[in-house]
Amino acid sequence: MFSRRRLLQAAPALALPSDLQNAVRTLDRVDLVDPSRGRTIPTRIYLPEAPGAWPVVFFSHGFGGSFSAFANTGRLWASRGLVVIHPTHSDSLQIPDPGLASDDARALREAFAGASGGRSGEGLAAVLERPAFLRSRLADIRFLQALVRSRDNRLPEAARERIDPARMGMAVHSFGAYLTLVLCGARLSPSPPPPLPVGFRSGIVISGQGSGRLGLAPGAFEKMTLPLFSITGSRDFGAAGEPPSWRLEAFERSRPGRKYAAILDGFRHGDFDAPDQEPVLGRTAERLRLLQAAFWRATLAGDPSGWLDLDRAAGSSRAGFPMEIRRR
């Protein structure tokens, strides 16, 4: 049973109005050590300065990235009442993992060197299929979930005091989107080794994957029931040249009900965190972040105004708009 103090702490997180913003604190680098794997996970955490029991979102970067990805997104979400945890996975080029197997590390470096040299993306697409990278990401999230659930002392005190372990969401970009699809119910063939991290209430998928690669066979999305917000751009092609429509298969083929999609005109694979001051993409990117915050408000804070904001955006949207919103 909650104490009076605990209820007062939780109150701000139960229904944060869409126009209310918190001051944001950034824990720039927190090295969290998983002793079972001997792995250090460099992590950045964005959180509200205000006390409270705030929902938690894990943000998983794209292949080769790090915790520095999607900083504008992480800060805005934190300003709207979320603790946002950005781990750095073992496929990072910016912060290399010394424990990554030498063969996988070499393949990772060569694939990105080939892609930056203007050669075909097929090399990168093949490296994405290596099972070690998905297994490591699943283990990272499972470990971080355990720290959150127990408010482990390895987490900084500021984060421990502000997390609500009962309300967790998963959000990601690119290869991280693949991770979110798996954690939100997409079926893989073959299945990844158990146990899978569980307990997420909803997911945001930015530049996700469709069927045909990465163990996603036809029918992989049919049993997905969690609320899902899928995002792509009109110039957001897959590593093997797949069209942007491929990235919306989870939205189109999962079970209807609280499924949303955003298609941003002119956006490429790396554009979705554009700062609001950016003259071409900034206003659309900022509006996207606000709709993402509405999705979290609805699914993690239990605030129906989030659904109203999303449904209003979908109801007034049309193909060809700077940002088209769909719902199912």
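Guide: The questions below set values for this structure against definitions. The model is predicted, so local features need pLDDT of at least 70 and side-chain atom pairs count only at pLDDT 80 or more, while totals for chains, interfaces and linings use all residues. Residues are numbered from 1 along each chain as its sequence is written, and side-chain values use heavy atoms, with hydrogens and water left out.

Visitor: What makes helix α7 largely enclosed by the rest of the structure?

Guide: A helix here is a DSSP run of H or I of at least four residues, a strand a run of E of at least two, and both are numbered from the N terminus. Buried means under 20% relative accessible area, exposed over 50%, and partly exposed in between, with a 1.4 Å probe and protein chains only. In α7 (residues 175–183), nine of the nine residues are buried, so the helix is largely enclosed. Among them are F175, Y178 and L183. After α7 comes G185, with a positive phi near 115°.

Visitor: Why are α5 and α7 called roughly perpendicular?

Guide: Axes are lines fitted to C-alpha atoms, for helices over the stretch in contact, and angles run from 0 to 180 degrees between N-to-C directions. Angles under 35 degrees count as roughly parallel, over 145 as roughly antiparallel, 65 to 115 as roughly perpendicular, and the rest as oblique. Helix α5 (residues 131–150) packs against α7 at about 65°, with the axes 11 Å apart. The two helices are therefore roughly perpendicular to each other.

Visitor: Which residues of α5 and α7 make the contact?

Guide: Contact means heavy atoms within 4.5 Å. From α5 come F133, L134, R137, L138 and I141, and from α7 come F175, G176, Y178, L179 and L183. By class, eight are nonpolar, one is polar and one is charged. Ala, Val, Leu, Ile, Met, Phe, Trp, Tyr, Cys and Pro count as nonpolar, Asp, Glu, Lys and Arg as charged, and the others, Gly among them, as polar.

Visitor: How do you know that β5 and β6 pair?

Guide: Two strands pair if DSSP finds at least two bridges between them. Five bridges join β5 (residues 163–173) to β6 (residues 200–206), and these strands run parallel. One of the bridge partners in β6 is I206, which pairs with H173. β3 and β5 are also paired in the parallel sense, over six bridges.

Visitor: What makes β1 and β9 stand at the edges of the sheet?

Guide: The open, mixed sheet has nine strands in the order β1-β2-β4-β3-β5-β6-β7-β8-β9. β1 (24–34) and β9 (323–327) each have a single partner strand, so one side of each is left without a neighbour in the sheet. On average, neighbouring strands are turned by 20° against each other, direction ignored.
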